[in-house]
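Here is a short briefing for a first look at this structure. Keep the view open while you read.

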Amino acid sequence: MRRTRILVADSLHIFRAGVKNLLERESDFAIVEADSLDDVLRVVHQECPDIALIDLELPPSGGVAVVQELAQRCSTYTIVWSFEPSRDAVLAAVRSGAHGFLHKEISPEGLVRALRGVVQGEAPLSRDLASLMIEALHGLDERTNARERATVLSAREREVLDLVAQGARNKQIAAVLTISEFTVKRHVQNILKKLELPSRKAAATFYRTAFGIEEAPAAAAPIA
Amino acid sequence: MNTTELRPDGDRRPLVAVLCSVPLLAEAVSAALEFAEVRPFSGGRGDTTGLLRWLRPDAVIVDSDRDAQEAAAFAQEHDLPLLHISVRERELRLFHRGTWEFIGNGEGPTPESIRNVVAGMLFAREAGLP
């Protein structure tokens with residue numbers, strides 16, 4: 001029987017040792033290890049693995065970069081895993097070509113089951129990570145829609161809105177753009193009309209959603 | 001009476017309690033400590049002291065701050081080696097004589113470093129060394 005060749009790519013020796021010790025007890029797996037992207041490339045140069053378990057933080061550039069490199073060289077099923085991943089991390093891994101995403105806190109039985117599932121064509125993704133990914137996809141849709149709506153604005157209106165989103169007052173915006181306060185007010189009115197938004201605050205929120213900008217902390221001084 | 005005397009199967013190997021919230025770590029530790037009887041438990045569940053009082057291990061290994069804190073009091077009281085493997089911080093710490101010491105040369109916790117520290121501490125304890 002041909003054994004499923006599994007690459008465990010993790011910079012933490014003890015973690016690789018744990019996975020290796022577990023999977024070597026199973027007769028259907030053969031394990032190879034790597035502790036960095038260079039090491040992964042060395043392994044795949046010899047023979048492409050069937051499945052690669054890749055740490056999200058694998059040096060030097062992270063697991064997502066490794067997934068992309070592997071996709072160019074092999075038809076390996078790639079699974080990224082990490083502790084407490086963010087929804088954006090899960091989405092980035094899947095968008096880069098990963099076939100699944102797992103928690104590193106997975107039980108030994110769960111890992112064996114997930115790997116056997118991959119061989120059967122399943123995509124390993126725990127329930128909470130699936131929810132995270134759906135949330136991330138919704139966020140992405142929202143951002144795309146907002147960006148499309150923002151195309152109705154002129155370049156100057158975009159500049160004004162950018163400053164509004166940073167918390168600047170009309171007087172400050174006028175100073176930054178070297179225009180009159182009256183012109184700023186007119187731009188803001190046009191922005192609200194074009195985007196069909198009720199207030200300056202709503203416009204700022206819209207802009208932050210469209211361009212993924214964090215809200216300025218309340219204590220921070222608005223733009224100088 | 002020590003733990004080995006309590007065990008009905010006559011196993012004279014030292015008993016090491018491993019409390020891991022990352023179960024794959026327990027796999028690595030079990031393989032590294034081939035000279036010991038390793039009992040893995042889910043970590044971070046609370047009442048670490050109660051578990052250790054019941055088990056009476058010869059050494060303790062934990063992987064969470066919470067278990068490390070709870071186990072430290074028990075380890076000090078019973079003069080037990082206690083190791084804290086922090087995978088997120090990539091550190092290995094030994095609780096010895098009431099203080100935590102960092103182990104290793106920056107390569108993070110490895111099966112070899114864990115084996116060496118546990119074996120060394122158990123030997124020292126058995127031999128009555130300080």
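Start at Phe101(A). Leaving aside neighbours within four places in sequence, Phe101(A) is in contact with Ile79(A), Val80(A), Trp81(A), Pro85(A), Val90(A), Ala93(A), Val94(A), Leu125(A) and Leu129(A). The model is a predicted one. The points below go from the cores to the sheets, and then to the chain contact.

**Nonpolar cores**
- The largest nonpolar core holds 83 residues.
- Leu53(A), Ile79(A) and Phe101(A) have the most contacts inside that core.

- Chain A has an open sheet of five strands, in the order 2-1-3-4-5, with parallel pairing.
- Strand 2 (29–34) and strand 5 (100–103) of chain A each have a single partner strand, so one side of each lacks a neighbour in the sheet.
- From one strand to the next, the twist averages 25°.
- Helix 3 (residues 63–73) of chain A packs on this sheet and touches strand 1, strand 3 and strand 4 (77–82) of chain A.
- The direction of helix 3 of chain A makes about 155° with that of strand 3 of chain A.

**Strand 3 of chain A**
- Is this strand enclosed or open? Five of the five residues of strand 3 of chain A are buried, so the strand is largely enclosed by the rest of the structure.
- In a regular strand, side chains alternate between the two faces of the sheet.
- From strand 3 of chain A, Ile51(A), Leu53(A) and Asp55(A) point one way, while Ala52(A) and Ile54(A) point the other way.
- Strand 3 (residues 51–55) of chain A pairs in the parallel sense with strand 1 (residues 4–9) of chain A over four bridges.
- Across this pairing, Leu7(A) stands opposite Ala52(A), and Ala9(A) stands opposite Ile54(A).
- Strand 3 and strand 4 of chain A run parallel and are joined by five bridges.
- In strand 4 of chain A, Val80(A) stands opposite Ile54(A).

**The sheet of chain B**
- Six strands of chain B form an open sheet, ordered 2-1-3-4-5-6, with mixed pairing.
- Strand 2 (37–42) and strand 6 (99–103) of chain B stand at the edges with a single partner strand each, so one side of each has no neighbour in the sheet.
- Direction ignored, neighbouring strands of this sheet are turned by 20° against each other on average.
- Strand 1 (residues 15–20) and strand 2 of chain B pair in the parallel sense over six bridges.
- The bridge partner of Val16(B) in strand 2 of chain B is Val38(B).
- Helix 3 (residues 48–55) of chain B lies across strand 1, strand 2 and strand 3 (59–62) of chain B.
- Helix 3 of chain B runs at about 160° to strand 1 of chain B.

**Where the chains touch**
- In total, 16 residues of chain B are in contact with 14 residues of chain A.
- Which element gives the most to the side of chain B that touches chain A? Helix 2 of chain B does, with six residues.
- That side of chain B divides into ten nonpolar, three polar and three charged residues.
- Helix 2 (residues 23–32) of chain B is mostly covered, with nine of its ten residues buried.
- Among the buried residues of helix 2 of chain B are Pro23(B), Leu24(B), Glu27(B) and Ala32(B).

Key. Residues numbered from 1 in each chain as written. Chains lettered and ligands numbered in written order. Predicted model: local features only at pLDDT ≥ 70, side-chain atom pairs only at ≥ 80, totals over all residues. Buried ≥ 20, exposed ≤ 12 C-beta atoms within 10 Å, placed from the backbone. Helix = DSSP H or I, 4+ residues; strand = E, 2+ residues; numbered from the N terminus. Pairing = 2+ DSSP bridges. Axes fitted to C-alpha atoms, helices over the stretch in contact; angles between N-to-C directions. Contact = placed C-beta atoms within 7 Å. Nonpolar A, V, L, I, M, F, W, Y, C, P; charged D, E, K, R; others polar. Core = buried A, V, L, I, M, F, W, Y, C linked by C-beta atoms within 7 Å.
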